[in-house]
Amino acid sequence: MSLQTNHKLLIATSSTIFLILTMTIAILPAFEAQKTGPLPGIESVEPDSPIAQGRLLYLKEGCATCHTQFVRDLPVDNPYGRGSLAGDYALESPPLLGTQRTGPDLSNVGIRQPSDVWNLIHLYNPRAVVPTSVMPGYPWYFEEKEQAAENDVVVVVPDRFKPQGTVIVATAEALSLVAYLQSLKQIEVVR
Amino acid sequence: MKCGSRLAGLKPILKNPPMNATLARPAGTEPESIKLIYHFLCWASFWLIVGTVYGLLAAIKLYWPEAVEFSLFSFGRIRPIHTTIVFFGWASMALMALTLFVVARTSKIPLQAPKMAWIGLQLWNVCLLMGLITLSLGISTGPQEYREVIGPIAIFYAVGLLLIFYSCYQTVARRATPEIYISNWYILGAFCWMTILSVTAYLPFYQDGMGNIIIQGYYMHNGVGLWFTPLVLGITYYALPRMLGKPIYSYALGVLGFWTNMVFYTLIGAHHYIFSPVPWWLQTTAILFSVGMMVPVWSGSGNFFLTAHGSWHKVRRSYAIIFLLTGIWGYALVSTQGTIEAFRSANVYWHFTNFTVGHSHLAMYGFVSFAIWGAIYGLLPRITGNELTEGAIGLHFWLAFVGGSIYVISISIAGILQGASWVAGDSFIASVDAAAPMWLWRSIGGFMMVASHIVFIVNLWNMRPKRETNLLDEAVAV
């Protein structure tokens, strides 16, 4: 009976050790971590509210591929807010910390960039407001109409960024995505 | 000592060849096995083209954001498509193809339960196709790297994995040699670990809030180091001695690498979330064992280099061996880089930047893909009987090598420029402007990589199995 000659023993040993390590390093710490409650002041959102719908669109379009919502407690991250805490993410599933910052961190973007108008133009075509931006536009969340109807939310896109003779109207999706972005505000913590 | 360990490496292969296996043709070269392996490789290369065209499109979009502006091809959607397809479609399938050959050859019996492996392959194809469709439509588990495909589709993947595992396991279990060759340690290990990893990643019970992130770090990290790495190493422990025509330098180093890789690597997933609310002790453990990883990395790559040492005249004449050894260099290089990136001081400058993208391409391309190509070019002609010219392999090698180098170097510079811009406290868009020229270079490198894959497809076609009649004689002659 040795590992060199017994395949069952080999498989059992390597699986068992790996399972024990998995429990120690991942599953048990995860169970422990998810007990952390939300920071005081963070409230859950109704699933059918624009904010919750907007978050789903944020997931659908993979915004977190390029935008973190994860501030390290380091001087280099100061512009984005305070260091992120476990309580920031307690109600999020999945939480959107992210690993790439091709675009800026959005933990606090609701405070940094509160304007409806700016956000809508930016979502329609980012280059209309930030000339060298490489962010994708999301024109499929907007309608190009000849004339706006009474209750339409018209987006004031500069002429050279839209088809001639059209007005750009935000759909409910675009509005909910903006509502979600505006809701991204870090709760203040007294240290 | 050195001599003894060398002999030990080949003992299971050289001594007492079992009768039943030597009568007709070498194990693993039965017509059904050849067909199965070749089909695996064809599908792998199909997904390689799909996956890298998506990758190239994503690269182009960072330079030219209006390119192909349709929701189905939006950057945020195609990025996970690229990673999912090259991970599971290309690299995993190609490695499993080679695995099916290696388990049979080293066990000296025909591949067992080839039907199971066949069904497994088709389940993976179904999973990948459905994954491609759902991810294009934006249906995913969210930005959870390498597990973006939703649960119901992932079940196809899991069942397929188990079926292919079954085929490999049965082959090793019924081996005609007393000992389990070191390759099969790594191969069986990889299948066990990947099964556990995948189940852990998709079970929901502990994944609220930061629990999710702890699992994410564990999964995305080990998905590479306890699946791709051991499969590549297992295949190399067979392919390299075979291609050089000499025993492996040390069997013992292989065993040391096996255990240390399993223990150290598993503990370091949290180094993707340094300075995050992940418990501090987890982060510190991860950094510590990231340094520990130097043990399996250099024992593995050192073992291969020492095996090649003294045979450089052979290496010079074979692009297959050059491919494989470049892959091993990639392994040593990328792992050492990974250790450095794990330090907290390095994290400040490099984390969140494109430097990480360079690192992961050095891993999946410079290491995993190059080793796969080396093993395919070295082994497949022996199975199918169709040899290639060195020029054909050389063209693939140089396109992939120059393209991959341009890619990794330019995107790493982009990362350094981004980090420098952030540390300097410039406005954010300055980091985009600084990286932009490098994104153009990255696309040029990516274009050459895709071109090299087309050469690979042609080469694969030229290595297709010969007709059944003359297979037998050729195979015996190998």
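Two residues are said to be in contact when their C-beta atoms, placed from the backbone, lie within 7 Å. The structure described here is a predicted model, in which local features need pLDDT of at least 70 and side-chain atom pairs count only at pLDDT 80 or more, while totals for chains, interfaces and linings use all residues. Residues are numbered from 1 along each chain as its sequence is written, and chains are lettered from A and ligands numbered from 1 in the order in which they are written.

Leaving aside neighbours within four places in sequence, Phe40(B) is in contact with Met93(B), Met96(B), Ala97(B), Leu100(B) and Leu121(B). Met96(B) is buried because 27 other C-beta atoms lie within 10 Å; a residue counts as buried if 20 or more other C-beta atoms lie within 10 Å of its own, as exposed if 12 or fewer do, and as partly exposed in between, with C-beta atoms placed from the backbone. With residues up to four places away in sequence not counted, Met96(B) touches Phe40(B) and Ile164(B), whereas its C-alpha atom is separated by 33 Å from that of Thr353(B), which is 257 residues apart along the chain.

In the largest nonpolar core, which has 191 residues, Phe40(B), Leu100(B) and Leu324(B) touch the most other members. Such a core is a set of buried Ala, Val, Leu, Ile, Met, Phe, Trp, Tyr and Cys residues joined through C-beta atoms within 7 Å. Helix 8 of chain B gives the most to this core, with 21 residues.

The contact between the two chains takes 58 residues from chain B and 59 residues from chain A. Among the elements that give two or more residues to the side of chain B that touches chain A are those in the table.

| Element of chain B | Residue range |
|---|---|
| helix 3 | residues 31–63 |
| helix 4 | residues 75–107 |
| helix 7 | residues 182–202 |
| helix 8 | residues 210–244 |

Helix 7 of chain B is mostly covered, with 16 of its 21 residues buried.

Chain A holds five helices and three strands, and along the sequence these follow the pattern α-α-α-α-β-β-β-α. The C-alpha atoms of chain A fill a box of roughly 80 × 45 × 35 Å, taken along the principal axes, and 39% of its 191 residues count as buried.

Definitions and conventions
Helices (H or I, at least four residues) and strands (E, at least two) are DSSP runs, numbered from the N terminus.
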